[in-house]
Amino acid sequence: MHPEIQAVRRTVTGKTITPTRQGAILALQYFYNSAKPLSVRQIAEQLQVSKSAIQSICQHAMKNAHANRIASTTSDVSIPTPALPRTLTTAVLSRDIEAATAFLDEMNGALEGLLVEEEPEEGQMVLSDAGSGAKIAEEDVCARVLEEDVTEIEEDIMERLGEISVDVMAGEIGLLELLKAAVPKKTGVRPRKLSEADKDYLIGIVKRDWRTRHMNLIDLQRTAGFGHVCPSTILKALHECGIQAYREEWKFILKPENKVTRFQYCELRKDWRPEVEWAKYGFTDEMSIEIGGTFGVSLVWREHGEQWEEDCRGATKKNKSTVMCWGMIKWNYKGPFYIWETETEKDQSEARDQIAILNENASNQEAQLNKEWKELEEWTALRLWELAVAHALGQAAKDSNTKAPKATMSYLGKKFRFKKIEKGEGRGIDSWRYIKYVCRPLLWPVCQQLLREDQEFILMEDNAPGHDCWYTNQERVKEGVNKVNWPPNSPDFNPIERIWYLLKSRIQTRRGNECVMSVKRMREVLVEEWNHVTIDEINREIQRLPTVMERCLNVHGGNDYHG
């Protein structure tokens, strides 16, 4: 990284795009190096600003600069320029940091002199040979970009520096002109309140879609075009209209057929008691937790009663490392707990080899069963019957001078067909991993023990691909374990979801030395917190199920309720 860019970065990096940072963006985009301009991506990396923000600022500045020129009716007036110490080319473009620092000190002295004198000394800036426009512009960059902010005094300095222009896009536009075009025009005193028409327009922007509902206040201000209005005034106007920032509620968006299924599920169980009927259910599920995440702080702009609107709910995507675990609970019982390991290429290769052997054995068994079937009288009788039917159809078509329909010849096919097991691509938990690491060693042995204690015990699993795959269902039936017909997209019916919520809250609110910032430590903490979950906490969540069933019935199978 060039030394001068390092100096710019130390001054202008941060979250807020101030006028100084806008100047840095415009300077690096158009004036830094005319021979080899920086790309938007390079500027974004240097200044730590998003590419979309850079493109928006440059387009806005160029558009306003051209518009200002067209609208200008005044004639060009020669403005005297101050005598600057020397050209930027000899200092800033040099790799000598001390020379650049000395140049900046002299530049600051020249600028301070402008503030004292009533009239600036006349003089012309020293120009270099080829590429002088770009080098002079870079001098202007150091005079502006390395300042902390654009104040009224700086605006006076900018007016006295004169117009230094380079060939940008289709015409001669100076950096000073571009900087002024990038900064919103001041209209005097900011309004202390919005008019009713402006409030209606602001509310329309907020409620436009899911994206605007989740904007922060500054982005909302820019989207609405209220740059001349103080953010606190906008916030006050939102509150006056009943719009506040609430915690985002997470719910699935249900299809009509899903609501019907959920309604039927609740209708059959509306009178169930936690300690009797619900006590026969074993609830299972997976949970994924983000390391160093901000669990439960996503906010959304909405009115008091809009928490279940489709554009007011959702979930933030996980961008950091995650750990996935699995667990089981039941009334008066805390079942096994498992933390998933990351599947390596070696694990995938071994799994594919084992699956290939199972598929080959299944194919051989299929061929053997079909061979034995064709030796039975059943196959012979089926063959004679289908041949007789085909002959009769052919004779009838011949008599009527029509085309004979195609007859069924199932005796030529297979009676037994075995599906092949397929291995997932390593994303998520597929059927093979679920059976190998959870079902066979942990889940099914526990279910068989519970079945010996209560023959009406039934397992609850959601409809994730690994849980509801034909191979998982087939192996579960072999083990003699029954599964409930679970309605789709219904985590609100599963009490273990609130146990996961409890674990996440306890883990991600840790502070200081207890803060979890590594995968290894997260795995240890998950086991600790699962061991701390009490039977009373489990029973308390299961006791909520009658209320959940009632609320779901009240909204006709929907999920727009607090459950």
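How exposed is glutamate 378, in terms of relative accessibility?

Modeller: Happy to! Keep in mind that this is a predicted model. Glutamate 378 has a relative accessibility of 44%, so it counts as partly exposed; the label covers values between the buried limit of under 20% and the exposed limit of over 50%.

Now look at the partner of glutamate 378. Glutamate 378 forms a salt bridge with lysine 415, and their closest N and O atoms are 3.1 Å apart. This pair ties together distant parts of the chain: glutamate 378 sits in helix H15, while lysine 415 lies in the loop between H15 and H16, 37 residues away. Lysine 415 is partly exposed too, at 42% relative accessibility.

Lysine 414 makes a salt bridge to glutamate 366, with 3.0 Å between the closest N and O atoms. Here the loop between H15 and H16 is linked to helix H14, where glutamate 366 is found, 48 residues apart.

With a relative accessible area of 58%, leucine 412 is exposed. Together with Leu387 and Met409, Leu412 makes a nonpolar surface patch of about 250 Å².

Key. Residues numbered from 1 in each chain as written. Predicted model: local features only at pLDDT ≥ 70, side-chain atom pairs only at ≥ 80, totals over all residues. Heavy atoms only, no water. Patch = residues over 30% accessible without salt bridge, like charges linked within 9 Å, V, L, I, M, F, W, Y side chains within 5 Å. Areas by Shrake-Rupley, 256 points an atom, 1.4 Å probe, with all protein chains shown as cover. Salt bridge = Lys/Arg side-chain N within 4 Å of Asp/Glu carboxyl O. Buried < 20%, exposed > 50% of the residue type's maximum accessible area, 1.4 Å probe, protein only. Helix = DSSP H or I, 4+ residues; strand = E, 2+ residues; numbered from the N terminus.
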